Amino acid sequence: LEEIRAQTPELPDAKRARFQEEHGLSDYDISLLIESRPKADLFEATVALAKGDERRQRAKAVANWMNSELARLLNANNMEIQDCRITPQALSQLIDLQENNTISGKTAKAVFEEMFQTGRAAADIVQEAGLVQITAADEISDAVDRVLEDSPKAVEDYRRGKEEALKFLVGQVLRETKGRARPDI
């Protein structure tokens, strides 16, 4: 009997309960993740790459990527998850790059799409395309100086209390840095 149990795959209800207990995911996320065994396996293998205390937080990030971007790309390309080139290591690396602010969320989505199409590693795509986010204040400062010099009307509007002018100026700095400047800096 024990041998039969050992060979029997985990049933959906048991997996649902385990995902809830171990990862604290919503019922909605869990229902999407356990739709198929390959999907649940990719999720678990990716989460397993995180270190102990980080696993619960990583589980939510992995679920978000799998249930949104990956699902969208699989659907758009009429593919099953087992035919996808995204590996647990690749997805984990992408999440690391985003969480440590090497790349922005918007850039992460573009990198993910490239990973999906080519199977390449996130770090390779980011490095090759020069997508590393600029976090050094002096580099951003140069772009800010150029934008302020080129946008005297927006500067004057901001000084008069028009908050929308600040959004415009931040947008111009992002354009100047090709989206690589962190807006909060």
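Modeller: Happy to! One term first: a residue is buried when its relative accessible area is under 20%, exposed when it is over 50%, and partly exposed in between, using a 1.4 Å probe and protein chains only. This is a predicted model, in which local features need pLDDT of at least 70 and side-chain atom pairs count only at pLDDT 80 or more, while totals for chains, interfaces and linings use all residues. Residues are numbered from 1 along each chain as its sequence is written, and side-chain values use heavy atoms, leaving out hydrogens and water.

Colleague: Is Asn78 buried or exposed?

Modeller: Asn78 is exposed, with a relative accessible area of 73%. You'll find Asn78 in the loop between H5 and helix H6 (88-99). Helices here are DSSP runs of H or I with at least four residues, strands are runs of E with at least two, and the numbering starts at the N terminus.

Colleague: What is phi of Asn78 near?

Modeller: It is near 50°, a positive value in a residue other than glycine. Most residues other than glycine have a negative phi. Asn101 also has a positive phi, near 65°. Asn101 sits in the loop between H6 and H7 and is partly exposed at 33% relative accessible area.

Colleague: Let's zoom out. How many helices and strands does the protein have?

Modeller: It has eleven helices and zero strands.

Colleague: And what is its radius of gyration?

Modeller: The protein has 21 Å, whereas a compact globule of 185 residues would have a value near 16 Å. The radius is taken over C-alpha atoms, and the globule rule is 2.2 Å times the number of residues to the power 0.38. Along the principal axes, the C-alpha atoms fill a box of roughly 80 × 35 × 30 Å.

Colleague: What share of the residues count as buried?

Modeller: Of the 185 residues, 35% do. The accessible surface comes to about 11500 Å², and 48% of that belongs to carbon and sulfur atoms. Those areas come from the Shrake-Rupley method with a 1.4 Å probe, and for residues only the protein chains shown count as cover.

Colleague: New topic: how many aromatic pairs are there?

Modeller: There are two. Rings of Phe, Tyr and Trp (its six-membered ring) pair if their centres lie within 6.5 Å; planes under 30 degrees apart count as stacked, over 60 as edge-to-face and the rest as tilted. In one of the pairs, the ring centres of Phe19 and Phe43 are 5.1 Å apart with the planes at 45°, so this pair is tilted.

Colleague: Where do Phe19 and Phe43 lie?

Modeller: Phe19 lies in helix H2 (residues 12-23) and Phe43 in helix H4 (residues 37-48), so the pair ties together parts that are 24 residues apart in sequence. Phe19 and Phe43 are both buried.

Colleague: What about Trp65 and Phe112?

Modeller: Their ring centres are 5.0 Å apart and their planes are at 40°, so that pair is tilted. It links distant parts of the chain, with Trp65 in helix H5 (residues 55-76) and Phe112 in helix H7 (residues 105-118), 47 residues apart. Both Trp65 and Phe112 are buried.

Colleague: Now charges. How many positive and negative side chains are there?

Modeller: There are 26 positive and 34 negative ones, and the centres of the two sets lie 3 Å apart. Lys and Arg count as positive, Asp and Glu as negative, and His and the chain ends are not counted. The place of a charge is NZ of Lys, CZ of Arg, CG of Asp or CD of Glu.

Colleague: Is Arg58 buried or exposed?

Modeller: Arg58 is buried, at 5% relative accessibility. Arg58 belongs to helix H5. Contact means heavy atoms within 4.5 Å, and leaving aside neighbours within four places in sequence, Arg58 is in contact with Val47, Ala50, Ser92, Ile95, Asp96 and Glu99.

Colleague: And Lys15, is that buried or exposed?

Modeller: Lys15 is buried, with a relative accessible area of 10%. Its place is in helix H2. Neighbours within four places in sequence aside, Lys15 is in contact with Glu10, Ile34, Ala40 and Glu44.
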